[in-house]
Every structure is written in structure tokens, then in C-alpha cells.
Amino acid sequence: MKRIVVIGGGITGLSTAYFLETQAKALGIEIECVLIESSERLGGKIVTERVGGASAAGGASTAGDFIIEGGPDSFLSKKPWGMELCRQLGLLDRLIQTHPINKEIYVLLNGELQKFPAGMNLMVPGEMTPFLRTPLISAFGKLRMGLDLLIPRKSNCDDESIGSFVRRRLGEEAVSTFADPIMATIYAGDVERLSLKATFPQFAGVEQKFGSLIWGGWMGRWDAHLAKKNQDAKNAATPSYTLFVSLQDGLSSLITALREKMKSSDIRTGQKVLSVSPCGTSAAEGKGYRVISDRETILADAVIITTDAKTAAGFVKGWHERLSELLLTIQYVSTATVSLGFRRQDVKHPLNGFGYVIPRSERKNILATTCSSTKFAGRSHADSVLIRSFVGGAHQEEMVDLPDDELIRRVLEELRPVLGISGEPTVSSVFKWHKANPQYHVGHLSKIEAIEKEAEKYPGLFLAGAAYKGIGIPDCIGQGWEIAQKVLHAH
């Protein structure tokens, strides 16, 4: 019987253990899977709170429950692994979709919210009329973005930063108004350092194929329109989903369902792994690994490390120096989410959209704000609203070190004039994620390739998680499936 130790109980580690268990059973392979998580809670950054709203005066609950997400609030339906896992866990009937009508995105400009131009693909114009009418970009900036139709494609395929790419194709205003605040929201990163190929490789592909992002976008939409027409009859009975989906009771219900489905895996929480070392004297021996925790020592045939890269580097330091050095080059930044609930009557803005992003030129503490109760139904009582703001990131990490009450005060101070908030929050919740957001800097893919080659020198050693091949929930789940396949088919 093969014994496998999974270190880390976030979505990657849990998915890996789940796939190991289900695939081993399907293949008729006997395994013993032990998952070790240092905290008492499973799920990592996926954490959902249900909080009862209270009156502004601090009296009995009058606003009903708020469902607050401390980390991600949704996942992409177009990436298959999240949806497939929900299907396997029997959660498809509990999926919820984003609001079908109030789905505007705004950009804060000179203290006022302006609608994101319709048809924009992140920073690439799609529909001309909304783009030409938007006050977000000056007349000169629009002309400069239009030059994308004439600028030749890049002569080589070397990686570059998103900032460099967007500036080269669409100009400076496109960087500061669109690319920078969007990347700060998604990756909490610096647009001048984030790798294009590791984050949005489709844009590099469009440039090489069509020579122009705008032209490529038009052609892509036309191709998609034709494909949709051809597939309408075939897909008539297949449910379609909005781009982002979540679960009725919050994303933590995904973690709960995973835990309940895993019948044979040995899941140990509140146990800290102190060291991992190969049992043999050389990599080629393949005699397994010794995993030492603060409670016990476990001998394993394979070890799957799903922690952050720095922790993983500590595990291999001393017996695989080169791998440890490479892992330490993956940088992280800190972020926090601040969720505030209000009585609906105390917020003047109609909240007819998913939220807004904030360019750095506005000099605000908040990176972006989501109208959680608009984005997904059931996040607050009908007489209340739930608003979630993001702070920290590559340019303002010091914000995360502020006391919770000061963080709430600063966020509320910035929300009031923008959303017309007059009353006090009926509920507040702060989640801080210290050095928990991996940064995919230029050259990230080459770095990951080198890390994988070094790890392969030790049979039975695997690395997975948000630090490597995608930060989203489906990306992490997909890595879990891939690692499970490798472990079970290894000889």
C-alpha cells in the first residue's frame, strides 16, 4: 500500500487528497492518504462568515444575516475544474450566478463613479460607441489606443510586463486607467512587474495572431457569435452560467462538501509540519520521505506540498538547496478585505453594479470595492446591503498592518462620499492575508519550469498551489487533479 502525505489543507491540498482517494478507488489501487494542516480550520483563504446584522445603535438584530467572504467570493465558470468538482460533490443545484441586470463595473475618476465602457475586454476596446463616449479616457488617449490597429506586432515572443505590453499597444492612459487598477484587484500586484504570459497569455496570443488587440477582439467576438449560432440547438438542454459563480451558503460550503466526501483520507488539523526529508541518501534511491510534525513522524512514499512557496522552501532546504533557492524567488504581498453591512436606507447610491476599481491617481487607501449584496443574491437581508473593500497590495502593504478599527475607519471614510453613506455600519468584518498573495512577475513561467525540473530529481516529491500555475480556485483544483494522476501512475 502506498502512503501519501499532503501538506496543506487549502483548496489545493483538499482537492489533491480528494482526487487521490476517488481515482485510487476507480483504479483499484490501495493507498493511505494523510493530509496535515497547521491551523484548526480547513480551506486556507476560502472562509465564509455568517454574521447577524444589528441596529446602528447596537440593539437586537434587525437586518438579518450577512454572508461574508473573507477571501475569494466566487470562481470562474469557464475554467472547467471548479464546475467539475461541484458536479462530483453534488453542489450544482447550490450554485448561484451573478445578478443578470445590475452588472455594471465602475471606475472612480476624480471622486466620482464612471461606468466601465460596455464591450471592454479588460483594457481592450470592444464596442466603439461606448468607448468613444467614456469620460475615463481623454481624446488624445482614445486616439492613442486606436493606434493599436496600426502598430505592428512584437517581433519576438519574450515575456514582458503587463504594463509594458499595454503601454506599447494602447498607450499610457490605458495602463493607468484600466490595466493598473484591474491588475491590482485581481493579483494585488504591480502592473510594471506582473508577467503577461503568466497572467493573461491570451493577449500575447491575440497580438501574434492578429497584429492588433482591437482587431483580434472584434474577430474573436464574431467567431464566438458564429459558434454560438451553430451550437444553440446542441446546447439547448445544457445549463449555461454567468462568468462568475458562487455557492448559496458561501464558498466554505465547497470545503465542507469536500471534507464530507472524503471517507478514507486521514485529515489532521492543528498539526504543524516541522521538516520533510528523503529517507534515502540520494535522489535516485527513491526510498520515500520522512515527514516530522510537532506531534509525530510519518514515513511516506510520496509528499505533496501545497503550502506557500516560502514554507515549501524551508521544507527542502538542506537537502535540495537549488529548489529552495528557486522557491524563495516567488514573492508575496499582503492584502485585506473589509466587509461592511448597512441598512439600505442609509446608502444613497443605487448599487446597480458589481462594484468599482480605483486607479492609483485617485490616491485612495481602497484598491477596489464590491457590492456583494448586488453581485450575488442572498448575501444580505432585503433591507440591508453588504459592501466589501480591498486594501493593501504591492503598493500599499502597510495598510494591512493597521488595527482593524483603524482600517474600518479609513475604508468607511472613503466609501461615504462615493456611495452616499449616511449611517453607521450594522456589521463589520476584517480579514487580513499577510504575505498570502503570490506575484507572477516577468519570467514566472520559466521559473516554474525550473522548479518542476528540480523537483523531478526527487521521485515522489510534488509541489502545487496558487504560487505556481494560477491563483484562481479552478486553477488550484486542476493542479490537484494533475498531481493525483502523477502520484497514482508513478512506478
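Biologist: What makes up the lining of the largest cavity, by class?

Modeller: By class, this lining has four nonpolar, one polar and four charged residues, where Ala, Val, Leu, Ile, Met, Phe, Trp, Tyr, Cys and Pro count as nonpolar, Asp, Glu, Lys and Arg as charged, and the others, Gly among them, as polar. The model is predicted, so that local features need pLDDT of at least 70 and side-chain atom pairs pLDDT 80 or more, while totals for chains, interfaces and linings use all residues. Residues are numbered from 1 along each chain as its sequence is written, and side-chain values use heavy atoms, without hydrogens and water.

Biologist: Why is this space called a cavity, and which residues line it?

Modeller: On a 1 Å grid over the protein atoms alone, a cavity is a set of points where a 1.4 Å probe fits but cannot get out, whereas a pocket is an open set with protein on both sides within 12 Å along at least five of seven lines, and lining residues have an atom within 4 Å of a point. The largest cavity has a volume of about 60 Å³, and its lining consists of I67, I68, E69, D73, S372, F376, R379, L386 and R388. Strand β4 (65–69) gives the most to this lining, with three residues, and β18 (384–392) also supplies at least two.

Biologist: What is the volume of the second largest pocket, and which residues are closest to its centre?

Modeller: The volume of that pocket is about 580 Å³, and of its 28 lining residues Y458, P459, G460, L461 and F462 are the closest to the centre. Helix α16 gives the most to the lining, with five residues.

Biologist: How do you know whether α2 and α16 are roughly parallel or roughly perpendicular?

Modeller: The axes of α2 (residues 80–89) and α16 (residues 473–489) cross at roughly 70° and come within 7 Å. Angles under 35 degrees count as roughly parallel, over 145 as roughly antiparallel, 65 to 115 as roughly perpendicular and the rest as oblique, and the two helices are therefore roughly perpendicular. In their contact (heavy atoms within 4.5 Å), W81, G82 and L85 of α2 meet P474, I477, G478 and W481 of α16.

Methods:
Axes are lines fitted to C-alpha atoms, for helices over the stretch in contact, and angles run from 0 to 180 degrees between N-to-C directions. Helices (H or I, at least four residues) and strands (E, at least two) are DSSP runs, numbered from the N terminus. Grid points are joined across faces, edges and corners, and a volume is the space filled by probe spheres set on the points.
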